[in-house]
Amino acid sequence: MIKLIEAADYDEMSRQVAAIIIRQVKEKPDAVLGLATGSTVLGTYHELVADHRQNGTSYRRVRTVNLDEYVGLGPDHPNSYRYYMNHHLFGQLDIPIDQTHVPDGLAVDLDEECRRYERLIDELGGIDLQLLGIGRNGHIGFNEPGTPFSTATHVVELTELTREANARFFPSFDDVPRYAITMGIATILRSRRIVLLASGEEKAEAIARLLEGVVTPDLPASALHLHPDVTIIADREALALI
Ligand code: GLP
């Protein structure tokens with residue numbers, strides 16, 4: 001079941017998502033949070049940091065697992081997702097860094113790294129709350145159109161569209177990595193609760209297709225219709241086509 005919440009704008013969306021995360025952490029102080037990167041979730045992370053400073057919400061026992069990471073970029077690379085998370089969130093909360101997990105894009109054996117990541121999620125007891133953004137082509141994590149819903153964590157070759165969409169963070173298009181490690185759709189669907197965020201008109205088409213309700217690997221996010229507890233929080237621009 002997908003529940004839709006409309007937010008007036010990006011800031012309201014961010015506040016609503018942050019409130020859900022804060023509630024989760026208060027209810028279960030050692031919650032496992034599944035986290036995403038990109039522009040959409042940035043405002044949510046700012047809200048969490050502001051709340052932590054003002055109200056002292058503690059993350060000392062929280063564990064986190066991120067959705068994805070570029071192959072070939074290490075923690076010190078400013079475009080790696082590990083760097084993003086340390087910089088925007090983990091470094092500003094009281095969470096011990098060894099309780100935070102991001103796939104290792106520098107692993108020598110990438111397939112083994114994918115298997116390790118799946119085992120890790122199981123050992124943590126599964127994901128309580130998974131945050132998701134959505135790609136313009138409907139990808140979630142880096143699961144591009146055509147990915148079978150049964151996939152676990154795996155290595156993907158990124159589509160041109162996704163590399164172009166993410167090129168703004170890199171010096172040039174050629175610097176955008178060609179491969180990434182991502183949780184699979186099956187991994188994502190095992191989360192107990194999922195919150196998908198969408199902001200801006202460039203997401204409107206993907207959101208409209210998702211809300212049409214046709215479940216197809218052509219639109220990876222449509223797999224969310226198979227999950228019992230999904231909330232979409234989208235701003236007006238992202239809902240413009242529904
Ligand atoms: C990227 C990430 C996704 C993210 C999506 C949207 O490719 N791998 O996890 O959700 O694209 O990103 P943004 O929020 O920057 O639009």
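Predicted model: local features only at pLDDT ≥ 70, side-chain atom pairs only at ≥ 80, totals over all residues.

**Strands and helices in the model**

Let me begin with β9 and strand β10 (residues 230-235), which pair in the parallel sense over five bridges. Here two strands are said to pair if DSSP finds at least two bridges between them, and the helices (H or I, at least four residues) and strands (E, at least two) are DSSP runs, numbered from the N terminus.

Residues are numbered from 1 along each chain as its sequence is written.

How many residues of β10 are buried? Five of the six are, so β10 is largely enclosed by the rest of the structure; a residue is called buried if 20 or more other C-beta atoms, placed from the backbone, lie within 10 Å of its own, exposed if 12 or fewer do, and partly exposed in between. Strand β9 (residues 193-198) is mostly covered as well, with five of its six residues buried.

Now let us look at the neighbours of these two strands. Strand β1 (residues 2-7) pairs with β10 in the parallel sense over six bridges, and Ala7 stands opposite Asp235 in β10. Strand β6 (residues 129-132) is joined to β9 by four bridges, again running parallel, and there Leu131 is opposite Val195 of β9. Strand β2 (residues 32-35) pairs with β6, parallel, over two bridges, with Gly34 opposite Gln130 of β6.

Putting these pieces together, we have an open sheet of seven strands, in the order β1-β10-β9-β6-β2-β3-β5, with parallel pairing. At its edges stand β1 and β5 (100-101), each with a single partner strand, so that one side of each is left without a neighbour in the sheet.

There is also an open sheet of three strands, in the order β4-β8-β7, and its pairing is antiparallel. Its edge strands are β4 (68-70) and β7 (154-157), each of which pairs on one side only. β7 and strand β8 (residues 179-182) pair in the antiparallel sense over four bridges, and the bridge partner of Val155 in β8 is Ile181.

Finally, I would like to turn to a pair of helices. Helix α1 (residues 10-27) and helix α2 (residues 42-55) pack at an angle of about 55°, with their axes 8 Å apart; the axes are lines fitted to C-alpha atoms, for helices over the stretch in contact, and angles run from 0 to 180 degrees between N-to-C directions. α1 and α2 are therefore oblique to each other, given that angles under 35 degrees count as roughly parallel, over 145 as roughly antiparallel, 65 to 115 as roughly perpendicular and the rest as oblique.
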